[in-house]
Structures are given as structure tokens and as C-alpha cells.
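Please work through each task before reading its solution.

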Amino acid sequence: MVEENWRPGLKDAECYFACDPTCGFVGEVNGKPVGCVTLTKYGDTFGFIGCYIVSKEHRGKGYGKAIFDAALSSVKPSRLLALAALSHLEKMYQKTGFESVFYGTRRSSSNQYQSFVLTPSQKKENSLL
Ligand SMILES: CC(C)(COP(=O)(O)OP(=O)(O)OC[C@H]1O[C@@H](n2cnc3c(N)ncnc32)[C@H](O)[C@@H]1OP(=O)(O)O)[C@@H](O)C(=O)NCCC(=O)NCCS
């Protein structure tokens with residue numbers, strides 16, 4: 001994550017798992033972790049996806065999509081899901097059915113633009129964003 005200029009907090013993992021002990025998904029190749037994603041469940045109806053990353057040398061081989069799909073299949077299709085995406089990946093998430101509902105800029109050292117996206121199958125009036 002640090003290589004990607006992400007700056008996770010040292011206690012972030014503890015906070016994630018305190019909120020939802022089953023939120024983390026790690027993909028392994030020959031017993032070694034190559035990527036991860038989180039899908040944190042809030043109550044019975046909402047989930048937020050984050051920490052989606054595959055190590056550079058393993059990208060483009062289908063591992064990321066496999067990890068992502070495993071996370072999605074861990075929750076009922078009716079659950080409202082959201083994520084904050086880098087804008088250059090917007091089209092990729094749209095392939096899975098996510099729809100952009102809000103654009104903004106996150107203040108960070110890299111100052112990259114973010115698009116906030118949400119599943120279209122859910123009613124937007126239920127959105128927590
Ligand atoms: C984004 C990232 C995790 C994808 O991992 P990856 O292992 O390289 O992706 P895959 O090899 O599984 O991709 C295979 C295909 O599935 C697609 N795919 C991957 N993840 C997907 C997702 N979550 N939803 C829909 N499609 C997806 C890819 O676009 C690709 O499609 P193509 O064959 O038509 O080109 C990886 O590029 C990465 O770590 N990037 C840096 C970190 C980052 O930007 N994370 C996302 C923050 S929003």
C-alpha cells in the first residue's frame with residue numbers, strides 16, 4: 001500500500017476488524033499473500049469496500065478480480081455496497097455494476113481524484129453517502 005502512496009493508519013486493521021471480524025480477504029499464491037480487499041459490513045444492509053490492491057508483480061493475471069468477486073459473494077446481493085475509487089478505475093468498477101454517484105478530491109500527499117460509486121441495483125434514497 002505504501003508503494004502505491006496509500007497511507008493506512010497503523011491501527012486501521014484493528015478498527016476494521018473491531019467493526020467486522022470477517023471484512024478482510026487475502027489472495028495467496030503458493031502460500032504467499034499477493035492481494036487483498038476489505039468489505040466491511042455495517043449492520044444488515046450496508047457494506048463498504050476498500051483496500052483493494054494486488055502486488056505489482058502479480059497484476060494483470062486475474063488475481064484481483066478473483067479476490068474482489070470472493071468479497072462480493074460473501075454478502076447477499078441485496079446489501080447496499082459502496083466504495084471510493086480512483087477515477088481512472090471508474091470504468092472497471094462499472095463493469096461490475098457500480099455506478100458513480102459523487103465525485104470529489106481526497107486530501108492526500110498524492111492529491112488524486114476520487115470517484116465515489118454505489119451499486120445501481122439499490123435505491124439511491126437508501127444511500128448513506
Ligand atoms: C486494481 C487492481 C487491484 C486490479 O488487480 P489485478 O490483479 O491487476 O486485476 P485482474 O488481473 O484481476 O483484472 C482482470 C480483469 O478484471 C477486471 N477487474 C479487476 N478488478 C475488477 C473489479 N473490481 N471490478 C470489475 N472488473 C475488475 C480488470 O479490469 C481486467 O479486465 P480486462 O481483462 O478486461 O482488462 C490492481 O491493478 C492494483 O493493485 N492497482 C493499484 C491499487 C489500486 O489502484 N487499487 C484500487 C483502488 S480504487
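This is a predicted model: local features need pLDDT of at least 70, side-chain atom pairs count only at pLDDT 80 or more; totals for chains, interfaces and linings use all residues.

**Exercise 1.** Determine which elements give two or more residues to the largest nonpolar core.

*Solution.* 
Step 1. The largest nonpolar core has 15 residues, and V37 and I49 have the most contacts inside it.
Step 2. Two or more residues of this core come from each of strand 2 (32-42), strand 3 (46-54), helix 2 (63-72) and strand 4 (80-86).
Step 3. Strand 4 provides the largest share, five residues.
Step 4. Leaving aside residues up to four places away in sequence, I49 touches V37, T38, L39, A71, L81 and L83.
As general background, nonpolar side chains tend to be buried together in soluble globular proteins.

**Exercise 2.** Describe the shell of residues that surround the ligand.

*Solution.* 
Step 1. The ligand is surrounded by 19 residues, of which V54, R59, G64, K65 and F68 are the closest.
Step 2. Strand 3, helix 2, strand 4 and helix 3 (90-95) each give two or more residues to this shell.
Step 3. The most, four residues, come from helix 2.
Step 4. By residue class, the shell comprises 10 nonpolar, four polar and five charged residues.

**Exercise 3.** Is G104 buried or exposed?

*Solution.* 
Step 1. Locate the residue: G104 belongs to strand 5 (residues 99-105).
Step 2. G104 counts as exposed because it has 9 C-beta neighbours inside 10 Å.
Step 3. For its spatial setting, the C-alpha atoms of G104 and S87 are 9.6 Å apart, with a separation of 17 residues in sequence.

Notes. Residues are numbered from 1 along each chain as its sequence is written. A nonpolar core is a set of buried Ala, Val, Leu, Ile, Met, Phe, Trp, Tyr and Cys residues joined through C-beta atoms within 7 Å. A residue is buried if 20 or more other C-beta atoms lie within 10 Å of its own, exposed if 12 or fewer, and partly exposed in between; C-beta atoms are placed from the backbone. Two residues are in contact if their C-beta atoms, placed from the backbone, lie within 7 Å. A residue is near a molecule or strand if its C-beta atom, placed from the backbone, lies within 6 Å of it. Ala, Val, Leu, Ile, Met, Phe, Trp, Tyr, Cys and Pro count as nonpolar, Asp, Glu, Lys and Arg as charged, and the others, Gly among them, as polar.
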